[in-house]
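This briefing covers one protein model, with its local contacts, its disulfide bonding and its secondary structure. Please read it alongside the sequence and the coordinates.

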Amino acid sequence: MTRLVVALLLLGVAAAPRPAVAGDEPYLVVLGIAQDAGYPQAQCYQEHCLRAWRDPALRRMATSIAVVNPAADASYLFEATPDIRQQLFDLHTVAPAERFALSGVFLTHAHIGHYTGLMHFGHEASGASELPVFAMPRMRRFLAGNGPWDQLVRYKNIVLMPLEAGKPVALDSALSVTPLLVPHRDEYSETVGFRIAGPSRTALFIPDIDKWSRWDGDIVEQVRSVDYAFLDATFFADGELPGRSMAEIPHPFVVESMRLFSGLAAAEKARVYFIHLNHTNPLLDDSSSAYKQVVEAGFSVARQGLKLPL
């Protein structure tokens with residue numbers, strides 16, 4: 001395939017119309033796309049990181065999304081990452097906090113990129129008052145029973161709200177969130193993804209999971225059943241971590257996911273947004289051959305600032 005054809009394909013995908021957010025309808029906004037440690041990662045001075053150290057425009061924050069409901073003057077954060085300060089500001093720029101009160105935080109699990117930002121709700125920082133934090137049973141016990149997180153609970157900066165696998169939580173008359181148990185390294189808590197249902201569209205958010213084959217859910221049918229699917233793309237392919245067995249960290253490789261989804265119709269493939277990219281993942285470089293491969297196959301790579309109606 002010639003460079004011109006590739007360029008035209010990329011241009012076509014980039015210019016392809018996404019549903020526009022209109023009026024007071026709820027919407028989803030992407031606040032971060034990187035793996036827990038962000039991009040570039042601390043103490044990484046290899047060329048793939050140096051490009052981002054040298055050019056701040058290339059840096060990416062840890063994976064997080066938010067849901068905003070203008071009709072209810074409310075916003076909800078999914079994941080409390082180490083980059084939460086900037087992410088809350090970015091959310092404020094599209095949904096000003098004076099109107100869109102942060103009405104809850106949903107946590108997937110107890111790995112550093114997904115909950116440690118809770119510290120910024122403490123009395124040393126923003127000093128939140130009874131902010132609802134939605135979490136599964138083991139996750140709630142972990143937060144309530146271990147410092148410094150238990151202080152957030154004792155000082156009532158946060159209030160731990162129960163989640164139960166498969167049971168929807170109604171945020172208001174327009175929005176609901178359903179946790180889905182998924183297999184992952186569960187040292188401190190179980191791991192969930194979320195199905196987010198709005199009045200018109202539905203999103204799937206699974207930033208962390210072991211191989212799709214280890215899940216008792218059917219990811220192909222899940223993709224078919226939603227309008228957007230933000231899926232674990234930690235690693236692009238095997239061999240990405242030289243000298244380390246990647247069987248020890250069995251995320252689904254992007255190339256595996258693309259094979260699994262190869263039978264989807266074009267419109268169904270377009271629902272897939274790869275997210276949670278490790279600092280070694282070539283998809284962080286939109287000029288890479290890996291990025292072109294994903295786009296040519298009909299899939300998308302999530303980008304910070306993306307807004308999609310619900």
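A disulfide is taken here as a pair of cysteine sulfur atoms within 2.5 Å. The model is predicted: local features need pLDDT of at least 70, side-chain atom pairs count only at pLDDT 80 or more, and totals for chains, interfaces and linings use all residues. Residues are numbered from 1 along each chain as its sequence is written, and side-chain values use heavy atoms, with hydrogens and water left out.

**Disulfide**

- The structure holds 1 disulfide, which joins cysteine 44 to cysteine 49 at an S to S distance of 2.3 Å.
- The torsion about the S-S bond of cysteine 44 and cysteine 49 is about 100°, so the disulfide is right-handed.
- Cysteine 44 is buried at 6% relative accessible area, and cysteine 49 is buried at 0%; buried means under 20% relative accessible area, with a 1.4 Å probe and protein chains only.

**Aspartate 36**

- Aspartate 36 lies in the loop between strand 1 (27-32) and helix 2 (47-54); helices (H or I, at least four residues) and strands (E, at least two) are DSSP runs numbered from the N terminus.
- With a relative accessibility of 10%, aspartate 36 counts as buried.
- Beyond its neighbours within four places in sequence, aspartate 36 is in contact with residues including Ala62, Pro82, His111 and Asp208, where contact means heavy atoms within 4.5 Å.
- The side chain of aspartate 36 makes a polar contact with the side chain of histidine 276 at 3.0 Å. Such a contact is a pair of N or O atoms within 3.5 Å; within protein, one must be able to donate a hydrogen and the other to accept it, and residues adjacent in sequence count only if both atoms are side-chain atoms.
- The aspartate 36 side chain also reaches the backbone nitrogen of glycine 113, at 2.9 Å.

- An open sheet of 7 strands has the order 7-8-9-10-11-12-13, with mixed pairing; two strands pair if DSSP finds at least two bridges between them.
- Its edge strands are strand 7 (169-170) and strand 13 (300-301), each pairing on one side only.
- Strand 7 runs antiparallel to strand 8 (residues 176-181), and 2 bridges join them.
- Valine 169 stands opposite valine 177 in strand 8.
- The C-alpha atom of valine 169 is separated by 26 Å from that of aspartate 36, 133 residues apart along the chain.

**Helix 10**

- Ala290, Tyr291, Val294 and Val295 are buried in helix 10 (residues 289-296).
- Seen down the axis of helix 10, the buried residues fall within an arc of 135°, so they line one face of the helix; the arc is that of the directions from the helix axis to the C-beta atoms.

Terms used. Buried < 20%, exposed > 50% of the residue type's maximum accessible area, 1.4 Å probe, protein only.
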